[in-house]
Amino acid sequence: MLSNLQSRIQEVIPGVVLSSTVAMAAMFLATQYTAPVMLFALLLGMAFNFVDRDGKFIAGINFMSRTVLRVGVALLGARITFAQILELGPYAVLIVLVSLVSTIGIGILTARLIGRTLSFGVLTGGAVGICGASAALALTSVLPKGEGGIVERDTVFTVVAVTVFSTVAMITYPMFTQLAGMSDQVAGIFLGATIHDVAQVVGAGYTVSEQTGDIATVIKLLRVAMLVPVIGVVVLFGLRARKDAPRGSLPVPWFLFGFVALATLNSLGVIPASTTLVLSDASKWALVAAIAALGMKTLLGEIVTVGPRALAIVLIETLWIAGFVWLLTRALPL
């Protein structure tokens, strides 16, 4: 067992060192030019995209963009209290629920109109409405396969598409919130309720302000928590995987539980202020390094090789949830 651990550590070291180096460079540039560190990390990471082709970096980059990302999100719980969540009010929760259900509905409707399967609409709508690539992989495990269902390339396409659109949203949506004159709280709700992946929500939120980042993270984690009931509904309505499909493969959002645990302890006043500061700094580093690694994995050129109809479905879903949430933020007393 010890030898396996040592082998695993040696396997991830090159990618971890590269991601950490890019993260440090991003932090230095952000300090020098007073610009968002998350944006620098993403752009610098994308500039190093070619290294992901080299096998010795892949394991470490994957580790940073998945495991370290989730650790960073979990550690953010030390900065959150339940009082902050209650301050968001019931309308913020309503926005998350209504936008999620409507996005999956739009996905199903658009998929059927364009000639794709109902399962494809659920897959893409769930990925856009819940938590991007993680939701796509989870839904793949319960949706039917083959004719009338989904095939492997549908899942690969969905992961690539939501990652690309989410990356674009991370860069453009913060600018939109400024142009629309949103307050930090409303901007956090908008960003957390519209951007697909957790990493990009965090990056976009803290690009605007610390308060916006905290709120966006809480809203996003509410969406992540919706993964379990959505999968339950999919199974309940008969969209089941084949009998020979592997069981027990649903990803457990442990980082969500870690976030809640730390938020609970922080709400109870158990975590000292000095410890909160340390955890906050550790979280920031983990997220910057994770986003740098994510940039290295982003292949923008791949999106043009996908069928335009399938791409149109994800684009429509993305525009729908952004437009719908924006209208709700204007109509509801947030």
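Trainee: Why does Arg-8 count as partly exposed?

Mentor: In this predicted model, Arg-8 has a relative accessibility of 38%. Buried requires under 20% and exposed over 50%, so a value of 38% places Arg-8 in between, as partly exposed.

Trainee: What makes the pair of Glu-11 and Arg-8 a salt bridge?

Mentor: The closest N and O atoms of Glu-11 and Arg-8 are 3.3 Å apart. The cut-off is 4 Å between a side-chain nitrogen of Lys or Arg and a carboxyl oxygen of Asp or Glu, so the pair qualifies. Glu-11 is also partly exposed, at 43% relative accessibility. Both residues belong to helix H1 (residues 2–33) and are 3 residues apart, about one turn of the helix.

Trainee: How many salt bridges does the structure hold?

Mentor: The structure holds 2. Asp-154 and Arg-116 also meet through their side chains, at 2.8 Å from N to O. That distance is within 4 Å, so this pair is a salt bridge as well.

Trainee: Why is the pair of Asp-154 and Arg-116 said to tie parts together?

Mentor: Asp-154 lies in helix H8, while Arg-116 sits in the loop between H5 and helix H6 (118–131), so the pair links parts that are 38 residues apart in sequence.

Trainee: How do you know whether Asp-154 is buried or exposed?

Mentor: Asp-154 has 7% relative accessibility. The limit for buried is under 20%, so Asp-154 is buried. Arg-116 is at 26%, which lies between 20% and 50%, so Arg-116 is partly exposed.

Trainee: Why is Thr-140 called buried?

Mentor: The relative accessible area of Thr-140 is 15%. That is under 20%, so the term applies. Thr-140 is found in helix H7 (residues 133–140).

Trainee: What makes the approach of Thr-140 to Thr-155 a polar contact?

Mentor: The two side chains come to 2.9 Å. The limit for a donor and acceptor pair of N or O atoms is 3.5 Å, so this counts as a polar contact. The Thr-140 side chain also reaches the backbone oxygen of Ala-136, at 2.7 Å. Leaving aside neighbours within four places in sequence, Thr-140 is in contact with Leu-123, Lys-145, Ile-150 and Thr-155.

Trainee: Why is Val-93 called partly exposed?

Mentor: Val-93, in helix H5, has a relative accessible area of 38%. That lies between 20% and 50%, so partly exposed is the term. Val-93 belongs to a nonpolar surface patch with Tyr-91, Leu-94, Leu-97 and Val-98, and together they have about 370 Å² of accessible area.

Trainee: How do you know that helix H9 is mostly covered?

Mentor: Of the 11 residues in H9 (residues 184–194), 9 are buried. Among them are Val-186, Ile-189, Phe-190 and Leu-191. The buried residues of H9 pack against H5, H8, helix H10 (198–208), helix H11 (210–225) and helix H15 (308–331).

Trainee: Which residues have the most contacts inside the largest nonpolar core?

Mentor: They are Met-38, Val-73 and Ile-219, in a core of 93 residues. Helix H14 (residues 273–297) supplies the largest share, 10 residues. Another core, of 5 residues, lies apart from this one, and includes Leu-75, Ala-78, Ile-271 and Leu-279.

Trainee: What does Val-73 touch?

Mentor: Not counting residues up to four places away in sequence, Val-73 touches Val-198, Val-202, Leu-221, Phe-255, Phe-259 and Leu-287.

Notes: Residues numbered from 1 in each chain as written. Predicted model: local features only at pLDDT ≥ 70, side-chain atom pairs only at ≥ 80, totals over all residues. Heavy atoms only, no water. Buried < 20%, exposed > 50% of the residue type's maximum accessible area, 1.4 Å probe, protein only. Helix = DSSP H or I, 4+ residues; strand = E, 2+ residues; numbered from the N terminus. Contact = heavy atoms within 4.5 Å. Core = buried A, V, L, I, M, F, W, Y, C linked by side-chain atoms within 4.5 Å. Patch = residues over 30% accessible without salt bridge, like charges linked within 9 Å, V, L, I, M, F, W, Y side chains within 5 Å. Areas by Shrake-Rupley, 256 points an atom, 1.4 Å probe, with all protein chains shown as cover.
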